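Reader: I would like to go through this two-chain model by its computed geometry. Please give each cut-off when its term comes up.

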Amino acid sequence: MESSLHHRLRTHAASVALSLLIACGVLLSSCITEDLPAATRQGTFQACWQSLDEHYCFFGEKADAYGLDWDAVYAQNAPAVHETMTDKQLFEVLAGMCYELRDGHVNLYAAHDVARYGRWFDDYPANYADTLERIYLGRTEDYQTAAGLRYRILDDNIGYVRCATFETGFGSGNLHELMRALALCDGLIIDVRSNGGGMLTAAQKLASVFLDTKTLVGYVRHKTGRAHDAFSSPEPIYIEPFEGLRWTKPAVILTNRRTYSAANAFVAYLKGRAGITVVGDVTGGGSGMPLSTELPNGWTLRFSACPMYDAQMRLTEEGIAPDVHQDLAPDALQTGRDDIIERARALLRQSAGR
Amino acid sequence: MRSKLLLALIALAAPAPAQTATAVGADSLHTVRHEQYFGIGRTNSLDTYLSPVEYVGPSLFLMHRTERTARWGKERVAVQATYSGYAALPRSKADDDPAMEAGINAAVAWLYRFRPVARWSFALGGMAEAESGFTYLVRGGNNPAQGRLGLHLGATGRVVRPFRVGRQWWEARAQVDVPLVGAMFTPNYGQSYYEIFSLGHYDKNVRATHPWNAPSARLTATLTVPLWGAHLSIGYNGEARQSHVNHLKHHTWNHHFIIGYVRTLRLLR
């Protein structure tokens, strides 16, 4: 009897020891790590190409648009990388590789420079000048400002709102006061020219002022794996109407080639809605929400990660065409006349029957 | 009700009775063991949602553990509650900007105690735990941080060996906690937090965990010695929290030298 008891106890002890050993064994043999290339020139190049290969979201669209072959880009650039090259030389090679994506959201951040693709606006007229903006807004005391939005009533009773960025959020109180100040205007101009974007939530908040019901304004999806075509199904983006005063009269949105990213999304949310007209130039695009990662040598790489579409499931990465194309006149700075604003004012006066 | 209230006597220096076979144990209904530790060490942090680069740096650690005997189980079952937290400032090899990382953990375990060999006390049981934490990278734009949240059931094993040094009882103790099954929050591979929290889009953001996709464990090994009327405890706490879900890899490896004290609350009815 006693022998049997001791036998059972020894079995218990052995079980405990075995369990602990198994637990430690499982852990030690199961370290989850990432094989990252070394912080050499070659390793940094490899990591840059690989990060984009696994995370960038527009390979399919770029291949269709201009025949982008990412493997060919690797083969083309890899021979240029060697361990004796300087940081700046390596930066040039990596920046050149990034430029092949033709995407303003693909950036390489080093201590000495930021690689940014700019042909989507450099090759086009600016169609915006802050000198002209100052003429229309007037002196500092002539216009009001709320959460970064600068606004005033022009002399033909058209409200003008300059929205230079979506990097700061808008409070409901700000928008309510802005709407109240402009409520008696015959029309409203929202100027998002050279607005480089910021927070999508800020763009949605401003767009909500122009919507009376919960509205489907677009779709978004994301990558679900490393393959170029591994995506989730598109999920709808809805915007609830603003809870305060809303704008129900005609409005014009002013755009140029530097209307980008969240500002591009703002235009996508509202273009085609009743009473909304887009005037100016084609927007810059940038419909891939960017995420960031780090390269072995410490540089930061930013890339488009989550493609966004308009309500008709059209990609707006290459920009959104205006309803009314209008450029600034070549002598705009001499005359002090902003033809895009003037075109918008004319349209709004016409809508008001004046 | 008053009669059920317990009068507590903190016996910091009290040698354990011989029948408990531990220096500062909680082997009867009349004792509660408290352990309090402060630790300093190193954290290795990897989260491929943020970066494929591993961050390594100094970290601080706190742990409080309480153990008492359950009223059921013929005094063979102990109930143990463990609360711990850490904060770290790890850096990548190339970068001067540190990341910020922190985590907390709360666990309750039920341990069946037995002594197959004289002076050796073993315990084996199950545990339930909740853990949360975050990693923040200054350089991130739309993905500056990664949050962690998990609920797990697991196994706990412990061995205690008291021994005499001169006229004093010392105690060596080691405990391993291994989460086995549970659930954790994670974004999908390329999913932004904007999609999850601003738009409310769910895409496999709560995943089941098991030792094959989230092998994790914690080892606490201490030596407790009577010192100047108290019980000083020193040792090592190592913790590996890992996961590989939605094609995203994460690991937090914590190694901490810990120092603290143990006290036994003797309960008098």
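Reader: What percentage of the 354 residues in chain A is buried?
Author: This is a predicted model, in which local features need pLDDT of at least 70, side-chain atom pairs count only at pLDDT 80 or more, and totals for chains, interfaces and linings use all residues. Residues are numbered from 1 along each chain as its sequence is written, with chains lettered from A and ligands numbered from 1 in the order in which they are written. A residue is buried if 20 or more other C-beta atoms, placed from the backbone, lie within 10 Å of its own. For chain A, with 354 residues, the buried part is 43%.

Reader: How many helices and strands does chain A have, and why is chain A described as more spread out than a compact globule?
Author: Helices (H or I, at least four residues) and strands (E, at least two) are DSSP runs, numbered from the N terminus. By that count chain A has 12 helices and 13 strands. The globule rule, 2.2 Å times the number of residues to the power 0.38, is set against a radius of gyration taken over C-alpha atoms. For 354 residues the rule gives 20 Å, so chain A counts as more spread out than a compact globule, its radius of gyration being well over that value at 27 Å.

Reader: Which strands are at the edges of the open seven-stranded sheet in chain A?
Author: Two strands pair if DSSP finds at least two bridges between them. The order is β3-β4-β5-β6-β9-β10-β13 (chain A), and the pairing is mixed. Each edge strand pairs on one side only, and these are β3 (144–146) and β13 (324–325) of chain A.

Reader: Which residue of β6(A) is the bridge partner of A:Tyr160?
Author: Strands β5 (residues 158–162) and β6 (residues 187–191) of chain A run parallel and are joined by five bridges. In β6(A), A:Tyr160 has as its bridge partner A:Ile189.

Reader: Which element gives the largest share of the side of chain A that touches chain B?
Author: Two residues are in contact if their C-beta atoms, placed from the backbone, lie within 7 Å. By this criterion 42 residues of chain A are in contact with 43 residues of chain B. The elements of chain A that give two or more residues to this side are α1 (2–28), α9 (200–208), β8 (235–239), β11 (288–294) and β12 (300–310). The largest share, 11 residues, comes from α1(A).

Reader: Where does chain B place its helix along the sequence?
Author: Chain B has one helix and 12 strands. Its pattern along the sequence is β-β-β-β-β-β-β-β-α-β-β-β-β.

Reader: Which residue takes a positive phi in the hairpin of β7(B) and β8(B)?
Author: Strands β7(B) and β8 (residues 168–185) of chain B pair in the antiparallel sense over 16 bridges. In that pairing B:Gly150 stands opposite B:Met184. The hairpin has two residues between the strands, and the positive phi, near 65°, belongs to B:Gly166.

Methods: A residue is buried if 20 or more other C-beta atoms lie within 10 Å of its own, exposed if 12 or fewer, and partly exposed in between; C-beta atoms are placed from the backbone.
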